[in-house]
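Here is a short briefing on selected packing, pairing and charge contacts. Look over the structure first, then read on by topic.

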Amino acid sequence: MGVRRFETDVAIVGAGGAGMAAGIEAREAGARTITFEIAAEPGGASIISGGGCLIVDSPLQREKGIEDSPDLAFDDWMRWGGPSADPVWARYYIEHSLNDLYFWAERLGVKWSFMLPQEGNSVIRWTRPGGNGQELTSRLIEAYRTRGGEIVPNTEITGIRVDNGRATGLEGRDVENGDAVRVACKTVLVATGGFNSNLEMILEVRPDLAPHRIMEGSGPHAIGSGHALVREAGGYLTHLGNIWLYVYATPDYRDPTGRRGLVFRGTPGYIWVNQQGRRFHNEARSGANSATPALLGQDPCHAWAILDAGMAGTMEVADPHYREAGQVSRGRIAELFRESPFIANADTLEELAGAIGVDEATFLDTVARYNRAFDDGLDAEPEFGKPLGASKKFDTPPFSAIQLFPLARKNFGGVKTDLRCRVLDKHFEPVPGLYAAGELAGMAGGHINGEAGLEGTMLGPAIFSGRVAGGWAAEEAGYGAGFKGYPDRR
């Protein structure tokens, strides 16, 4: 085994959305950058995300007559996230979301095209490109490379070198041939993502989840490696128990470990039933702040998403395997329905009840009551108040049932940083030369969301904090004037 040596101004660990945004900013400041990525390809968790970002007062909002402002968004954010949300970072992101995320990404070729209402927001703000997180992240990767940024794949960083209290380099290894990796640099920027693909770490900080089957739901390499690196270098970790769990996910039958889950969307007409065959929640409120507690309250702790043929035909899966050339791969989704042992299909509702082992009479009565709301011309079904505008009766076979389990998707706690994304130590003082961004830093700052996120408050702040970190890491390395941006301070 040999030794591979690198020298650069800013060494970046992690080539996901935050790492790529950091690299773009540092390169534009004139700094040399090298990004080290443990996977064979860049993208991280952001490339499998839905791509939604909370944007305030966007052109899409204005086109639809939606009036929004930083003050309104801030009030929603703090009310939803609770007292542990970071008001300084929340305000900082909100005021920069339009100019320094939306328009900035547009200049990189991202086409924002779609908005959805999300729980907790006074107005619609969740905005994504047509190609989801894959489009957004791919544009970032392309922009970084065209600016001369280097990505070194298949490289595991195992340590941050600290000399006289200052981060001065990295230690690692080539995962393919075992060669040692040595990096000398002026500043280190860590953007390795969260730890929601490390079930042991999840249960360590959330032992209350141990009785349930919890699926891993982040990027395959989001295992908390960056948390260990930064902690060993003197950084402070905070709010690690704030984990955002999703309901609309099913086990990935292609995963040999049986741990990974697949998030699916695009099925507003579905209903959820528990193992007793009954609905238990308003499925339109699918956010983690309401749907997840409802699912965790079921015994056993899983549910079945019921769809008919029309609903299944619009389903999307937030994983690159289920997209081709930026478009939904209907063939692979059909394969998922056909091959997954966690999905049952039947020509009749009676057969479906038998296939998933629920009481037939209870299940049929549940579906019949739901269908009756359409026959009666109601705007919402009366049992849980689900609006019916985007839904339809269950009347088109074949029928399907997708088994749902709680999925750990986002880390709302992590490395504590200041507004320059400098890593803070236990005295809340900066560790010289060391920066952190993205989900490693709880999306931004350590705990920007608090205990609950408005949705779009994960990917948006993660990418934005990457820009901030890249600008200031370059400045400390001797390039540029740090990140300034163009805030909207109305």
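Which elements do the buried residues of helix 4 pack against? They pack against strand 4 (53-54), helix 3 (70-81), helix 5 and helix 14. The model is predicted.

**Helix 4 and its surroundings**

- Helix 4 spans residues 87-96. This helix is mostly covered, with seven of its 10 residues buried.
- The buried residues are Trp 89, Ala 90, Tyr 92, Tyr 93, Ile 94, Glu 95 and His 96.
- Helix 4 packs on helix 14 at an angle of about 90 degrees. The two axes lie 11 Å apart.
- The two helices are therefore roughly perpendicular, since angles of 65 to 115 degrees fall in that class.
- On the helix 4 side, the contact is made by Trp 89, Tyr 92, Tyr 93 and His 96. Helix 14 contributes Gly 460, Pro 461, Phe 464, Ser 465 and Val 468.
- By type, the residues of this contact divide into six nonpolar, three polar and no charged.
- Trp 89, Tyr 92, Tyr 93 and His 96 are listed among the buried residues of helix 4 and take part in the contact with helix 14.

- An open sheet of four strands runs in the order 17-18-23-22. Its pairing is antiparallel.
- Strand 17 (271-273) and strand 22 (343-346) stand at the edges. Each has a single partner strand, so one side of each lacks a neighbour in the sheet.
- Neighbouring strands of this sheet are turned by 25 degrees against each other on average, direction ignored.
- Strand 18 (residues 303-307) pairs with strand 23 (residues 399-404). The pairing is antiparallel and covers five bridges.
- Ala 305 has Ile 402 of strand 23 as its bridge partner.

- The structure holds 34 salt bridges. One of them joins the side chains of Asp 100 and Arg 467, at 3.7 Å from N to O.
- This pair links distant parts of the chain, 367 residues apart. Asp 100 sits in helix 5 (residues 98-107), and Arg 467 sits in helix 14 (residues 459-476).
- Is Asp 100 buried or exposed? Asp 100 counts as buried because its relative accessibility is 2%, and the cut-off for buried is under 20%.
- Arg 467 is buried as well, with a relative accessible area of 7%.

**Salt bridges: partly exposed pairs**

- Asp 163 and Arg 161 meet through their side chains in a salt bridge of 3.9 Å, N to O.
- Asp 163 is partly exposed, at 37% relative accessible area. Arg 161 is partly exposed too, at 24%.
- Asp 395 and Lys 392 form another side-chain salt bridge, at 2.9 Å from N to O.
- Asp 395 counts as partly exposed at 47% relative accessibility. Lys 392 falls in that class at 28%.

**Salt bridges: a network**

- Which residues do salt bridges with shared partners join into one network? They are Asp 68, Asp 76, Arg 79 and Arg 125.

Conventions:
Residues numbered from 1 in each chain as written. Predicted model: local features only at pLDDT ≥ 70, side-chain atom pairs only at ≥ 80, totals over all residues. Heavy atoms only, no water. Salt bridge = Lys/Arg side-chain N within 4 Å of Asp/Glu carboxyl O. Buried < 20%, exposed > 50% of the residue type's maximum accessible area, 1.4 Å probe, protein only. Pairing = 2+ DSSP bridges. Axes fitted to C-alpha atoms, helices over the stretch in contact; angles between N-to-C directions. Parallel < 35°, antiparallel > 145°, perpendicular 65-115°, else oblique. Contact = heavy atoms within 4.5 Å. Nonpolar A, V, L, I, M, F, W, Y, C, P; charged D, E, K, R; others polar.
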